[in-house]
Amino acid sequence: MASGNPALTKKTFNTLPATTGARMTLNGTVHKTAILLLLTMASAFVSWRSGYMMLAQTYDPMGSLGPWILGASIGGLVVALAIIFKKHWAPFLAPVYAIVEGVVIGFLSMMLEMQFPGIALQAATLTFGTLAALLMAYRSGLIRATENFKLGVVSATGGIMVVYLIDLGMQFFGMPIGFIHDSGWMGIGFSLFVVAIAALNLVLDFDFIETGVERGAPAYMEWYGAFGLLVTLIWLYLEILRLLAKARSR
């Protein structure tokens, strides 16, 4: 696997048809990523404002916003799976994914902002700061996506996803895994580990995009690469948000 991100794997290029027209470029992927980020932030801003209006009427965050967050999360998952299995749909569905995930980010950020003022801006700053730092380190050669590096990050990412799935199942029985949600030192340590792995996935995403450009992938893969990078950035932002919330609640 070229990335812990399920959307960006080496097998992706093995299933692509031969390219006869326009091809994937680095600049094109950067532009598509910027578009998706703008759509995500715009959607998050609208849902943030809408969330405040809804809470002003009900004063029940989970009761009024919970169904919206759950519905948008499920919708985002369905769209993401469609893009992964039908990569040539990425130019049309990647913007939809960005808008839907923006709804989730906006509502969750607003709810935490009410508890911990300033937390959303802190999480966004750390997310984009991490992206910039790792991109510079990758371009300078300070960090290389070697096979051992990939294996370690992919294994850790898979382990985290398994733990999250087990926790999701246990929540149905009222027995969630404590350290995932706890604000104690073990909970903070776990969140720090997850944030670090999410950040390292960005390096593998950069490598995937660079490989696609070198192999002359079809032009629609610019949208696919941008989509995959957005998936990692959203994961990183939410994990940083969770970490900050744990730290601020102590």
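In the predicted model, helix α8 covers residues 185-214. Just after α8, G216 adopts a positive phi of about 70°.

The UniProt record, an unreviewed entry, assigns the feature "transmembrane region" to residues 34-55, 67-86, 92-112, 119-139, 151-173, 185-204 and 224-245. Two of these spans were examined for secondary structure and extent. Residues 185-204 are 100% helix and 0% strand, with end C-alpha atoms 29 Å apart. Residues 34-55 are likewise 100% helix and 0% strand; the end C-alpha atoms of this span are separated by 31 Å.

Two or more residues of its lining are contributed by each of α2 (26-58), α4 (90-115), α5 (119-140) and α9 (221-249). Helix α2 provides the largest share, with 7 residues.

In total, 20 residues line the second largest pocket. Those nearest its centre are M41, A44, I105, A124 and Y237. By residue class, the lining of this pocket comprises 14 nonpolar, 4 polar and 2 charged residues.

Terms used
Residues are numbered from 1 along each chain as its sequence is written. This is a predicted model: local features need pLDDT of at least 70, side-chain atom pairs count only at pLDDT 80 or more; totals for chains, interfaces and linings use all residues. Side-chain values use heavy atoms; hydrogens and water are left out. UniProt positions are given in the numbering used here, feature names are shortened, and annotations may be inferred rather than shown by experiment. Helices (H or I, at least four residues) and strands (E, at least two) are DSSP runs, numbered from the N terminus. On a 1 Å grid over the protein atoms alone, a cavity is a set of points where a 1.4 Å probe fits but cannot get out, and a pocket is an open set with protein on both sides within 12 Å along at least five of seven lines; lining residues have an atom within 4 Å of a point. Ala, Val, Leu, Ile, Met, Phe, Trp, Tyr, Cys and Pro count as nonpolar, Asp, Glu, Lys and Arg as charged, and the others, Gly among them, as polar. The expected span of a helix is 1.5 Å times one less than its number of residues.
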